[in-house]
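Good morning, colleagues. I would ask you to look at the chain on the screen while I speak about its disulfides, its strands and its overall surface.

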Amino acid sequence: MNDLQHGQVRMHGLLSNTHRQAARVVLSFDFPFYGHYLRQVTVATGGFIFMADVTHRMLMATQYVAPLMANFDPSYSRDSTVQYLDNGEVFVVQWEQVRLHGRESEGAFTFQAALYRTGTITFCYRDIPLSVDVISSAQHPVKAGLSDAFMVMQPSPQSPDSQRRTIYEYHRVEIDTTKITSHSAFEFTALPTCLQHHGCELCLSSNQTSGCSWCHVLQRCSDGMDRHRQEWLDYACSEESADVRCEDYSIGEPDSSTGPSVTPDVKATTLLTGKGCGPDDDSKRHILLNGYNLKTDFPKQSDGKVNVGVTAGVVAAVLLLLALILLAVYINYHPAVASPLCLTQRRTNYWPSLKFLKQGFQPSYTEVEGQGLETEIIVEAQPR
């Protein structure tokens, strides 16, 4: 950070003066993380960045970018700060001279994580006063690397009215902590994912990715193991036949060259006349084509009868409306009289008052809790 322009570097006031806290930061660019484009992240005092869209109470379990996750306490010293930089091409977070909670005398740590617009991630370590292997994980996890997961909602076996939110970690990259020393660095290069393919042909034929399937309903390419897993299951994308070709999806669909409309180019009304029938013959039939349904109807024998019926209906509706208005006015000025129509009594003080309280976001990653009756289960995968 000291080598960058000072005006671009920001010190986060909240994170620099608290312990076990996290705060949202909006990025100036879309950062690709496992194929998902993120516009905001959550920076934590504990040496990691939480990358999930939905905040859950297990921030330290998965979906993180962690140069060195540990129980750091920036509130111990005024020299301990959490700084960040965003210049449109890279987002950098630096934990400056932070100390371990309860072990402050063992030295200050300075390290950073950089998220590049291209998807590349780098970890840089300037000051590592002691070996990471001797840092205790009793009060806080100690890890370094990357992780992502997807979330699936399932009915809870304890209560049919509640749902269980299960988080599956589908990928993790772990760093050998013995190699984390002062003046060391690591770089992670993003690999192509199925999500980057926006067409069926490229999804199934690309040699950059493997195991991709095309879901025609969602118009999405995926291997089923990403953050859209819930939609992939809801729309039965995994059940589509592996033998289906992209050409098979177009069978039965209208020609796209005719434009966005799916209605065939036919006349809305075709007149079929019998022998000897003139254009004003009442016995002619109207064939109505709407592209899918064929409807045959016979016109009325006389337009005059139709006009009389319409007029009578309008008059009856007006009279009924007038009678209802008079009845409502009478009941309003005579509240003691029981209404023979069982109309609801008009009293403004009887209406219930509905108030919705806005729940504020608590940035502390020790207190993040799901709302309502949801519960959470963390399922961790084996490191790759």
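Cys203 and Cys221 are joined by a disulfide, with an S to S distance of 2.1 Å; a disulfide here is a pair of cysteine sulfur atoms within 2.5 Å. Helices (H or I, at least four residues) and strands (E, at least two) are DSSP runs, numbered from the N terminus. Cys203 and Cys221 are both buried, where buried means under 20% relative accessible area, exposed over 50%, and partly exposed in between (1.4 Å probe, protein chains only).

A word on the basis of these values. This is a predicted model, in which local features need pLDDT of at least 70 and side-chain atom pairs count only at pLDDT 80 or more, while totals for chains, interfaces and linings use all residues. Residues are numbered from 1 along each chain as its sequence is written, and side-chain values use heavy atoms, with hydrogens and water left out.

Which residue does Cys194 join through a disulfide? The partner is Cys212, at 2.0 Å from S to S. This link of Cys194 and Cys212 is left-handed, with -85° about the S-S bond. Cys194 counts as buried because its relative accessibility is 7%; Cys212 counts as buried at 12%.

I turn to Cys215 and Cys237, which form a disulfide with their sulfur atoms 2.0 Å apart. The link of Cys215 and Cys237 is left-handed, at -55° about the S-S bond. Cys215 belongs to strand β13, whereas Cys237 is in the loop between α2 (229–234) and β15 (269–272), so this pair ties together parts that are 22 residues apart in sequence. Cys215 and Cys237 are both buried.

The structure holds four disulfides in total. With bonded cysteines counted along the chain, their pattern is 1-4, 2-8, 3-6, 5-7.

Next, the strands. Is β8 (residues 109–116) mostly covered or mostly open? Strand β8 is mostly covered, with seven of its eight residues buried. On one side, β8 pairs with strand β7 (residues 90–98) in the antiparallel sense over seven bridges; two strands pair if DSSP finds at least two bridges between them. Phe91 stands opposite Leu115 of β8. Strand β9 (residues 121–127) also runs antiparallel to β8, joined to it by six bridges. Gln112 has Cys124 in β9 as its bridge partner, and Cys124 counts as partly exposed because its relative accessibility is 28%. Four residues separate β8 and β9 in a hairpin, and Gly119 in the turn has a positive phi of about 105°.

Finally, the whole chain. It has three helices and 18 strands, and buried residues make up 35% of its 384 residues. Of the contacts (heavy atoms within 4.5 Å) with a separation of 6 or more, 56% come from residues 24 or more positions apart. The chain exposes about 24000 Å², of which carbon and sulfur atoms supply 53%; accessible areas come from the Shrake-Rupley method with a 1.4 Å probe, and for residues only the protein chains shown count as cover.
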